[in-house]
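Please look at the structure before reading on.

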Amino acid sequence: MSTNVEGQIRIRPLSESDSLEELTDLLHRAYRVLADMGLRFLATHQDVATTRQRVSSGHCFVAEVDDKVVGTICYYEPSRKTGCDYYKKKGVAHVGQLAVEPMQQRLRIATRLMLHAENFARERGMPELALDTAEPAIHLIEWYARMGYKIVGHQQWEVTNYRSVIMSKVLQDS
Ligand SMILES: CC(C)(COP(=O)(O)OP(=O)(O)OC[C@H]1O[C@@H](n2cnc3c(N)ncnc32)[C@H](O)[C@@H]1OP(=O)(O)O)[C@@H](O)C(=O)NCCC(=O)NCCS
């Protein structure tokens with residue numbers, strides 16, 4: 001693939017015709033690096049039913065290059081159902097299940113997905129966008145910090161074997 005791929009990235013909502021089996025496989029391939037670090041993110045091993053539940057409880061977007069899905073992110077609005085108090089707060093949307101095909105990483109696809117989610121949040125009147133990641137995943141925490149996310153708390157999810165940091169960004173008008 002050309003290194004000048006950024007102009008070819010198309011972000012769109014997940015559609016009915018997208019395969020959740022393929023999306024789940026993409027998640028497993030992308031999150032393998034975290035599994036190898038000993039971090040049992042749900043996306044390292046989730047089944048298709050879990051992918052369906054996670055995409056249908058929010059707004060899932062995919063990144064395409066040459067009509068092929070190479071990345072994904074899910075956007076969620078505040079909900080009382082979540083186990084994370086920060087994600088219940090009014091005006092705080094959050095993202096999760098961010099992944100990019102390993103062979104196509106470092107081409108700014110994830111950056112584009114994050115910016116898309118931030119714009120989506122702004123359009124829906126959400127002043128803040130939050131996310132969580134594993135405390136030992138320093139490379140991710142540093143990247144989110146470079147994008148303007150600040151640590152606002154911690155979370156122990158029932159399904160993971162690590163403590164998470166919650167990070168959040170106040171969205172300025174674009
Ligand atoms: C994290 C991930 C989504 C980044 O995707 P990507 O398309 O390669 O990211 P980008 O090309 O937009 O780069 C984003 C930033 O991360 C940095 N980066 C990417 N991969 C990195 C790595 N392995 N180690 C350190 N930094 C890395 C880039 O330098 C860039 O930083 P910058 O914008 O300050 O220059 C991708 O590596 C992935 O799917 N990882 C496994 C799943 C995961 O970690 N999901 C997030 C869980 S919270």
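The model is predicted.

**Ligand shell**

The shell around the ligand holds 19 residues, of which Ala30, Gln105, Ala110, Thr111 and Thr133 come nearest. By class, the shell divides into 12 nonpolar, 4 polar and 3 charged residues. At least two residues of the shell come from each of H1, strand S4 (92-100), H3 and helix H4 (138-146).

**Nonpolar core**

The largest nonpolar core has 41 residues, and the members that touch the most others are Ile73, Tyr75, Val95, Ala99, Leu113 and Ala117. Two or more residues of this core are given by each of H1, strand S2 (59-65), strand S3 (68-76), S4, H3, strand S5 (128-134) and strand S7 (164-170). Leu113 is in contact with Ile11, Phe61, Ala63, Gly71, Ile73 and Leu98, when residues up to four places away in sequence are not counted.

**Helices H1 and H2**

Two packed helices are described by the angle between their axes and the distance between the axes. Helix H1 (residues 20-36) and helix H2 (residues 48-56) have axes that come within 9 Å and cross at roughly 95°. An angle of 65 to 115 degrees counts as roughly perpendicular, and H1 and H2 are therefore roughly perpendicular to each other. The contact of H1 with H2 has 4 nonpolar, 2 polar and 2 charged residues. On the H1 side these are Leu20, Glu21, Leu23, Thr24 and Leu27, which meet Val48, Thr51 and Arg52 in H2.

The loop between H1 and H2 contains Ala43. Is Ala43 buried or exposed? Ala43 is buried, because 22 other C-beta atoms lie within 10 Å, and the cut-off for a buried residue is 20 or more. Apart from neighbours within four places in sequence, Ala43 touches Leu27, Tyr31, Gln97 and Ala99. Ala43 and Thr24 are 19 residues apart along the chain, with their C-alpha atoms separated by 7.9 Å.

**Residues with positive phi**

Asp67 is in the loop between S2 and S3, and its phi is near 65°, a positive value in a residue other than glycine. Asp67 counts as exposed because it has 6 C-beta neighbours inside 10 Å. Arg108, in the loop between S4 and H3, also is a residue other than glycine with a positive phi, near 75°. Arg108 has 14 other C-beta atoms within 10 Å and is therefore partly exposed.

Helix H3 (residues 109-123) includes Leu115. Leu115 counts as partly exposed, as there are 14 C-beta neighbours inside 10 Å. Along the sequence Leu115 and Met147 are 32 residues apart, while in space they are 9.4 Å apart, C-alpha to C-alpha. Asn119 also has its place in helix H3. With 13 other C-beta atoms within 10 Å, Asn119 is partly exposed. The C-alpha atoms of Asn119 and Arg29 are separated by 27 Å, and the two residues are 90 residues apart along the chain.

The table lists the C-alpha separations given above.

| Pair | Separation along the chain | C-alpha distance |
|---|---|---|
| Ala43 and Thr24 | 19 residues | 7.9 Å |
| Leu115 and Met147 | 32 residues | 9.4 Å |
| Asn119 and Arg29 | 90 residues | 27 Å |

Technical notes
Residues numbered from 1 in each chain as written. Predicted model: local features only at pLDDT ≥ 70, side-chain atom pairs only at ≥ 80, totals over all residues. Helix = DSSP H or I, 4+ residues; strand = E, 2+ residues; numbered from the N terminus. Buried ≥ 20, exposed ≤ 12 C-beta atoms within 10 Å, placed from the backbone. Axes fitted to C-alpha atoms, helices over the stretch in contact; angles between N-to-C directions. Parallel < 35°, antiparallel > 145°, perpendicular 65-115°, else oblique. Contact = placed C-beta atoms within 7 Å. Nonpolar A, V, L, I, M, F, W, Y, C, P; charged D, E, K, R; others polar. Near = placed C-beta within 6 Å. Core = buried A, V, L, I, M, F, W, Y, C linked by C-beta atoms within 7 Å.
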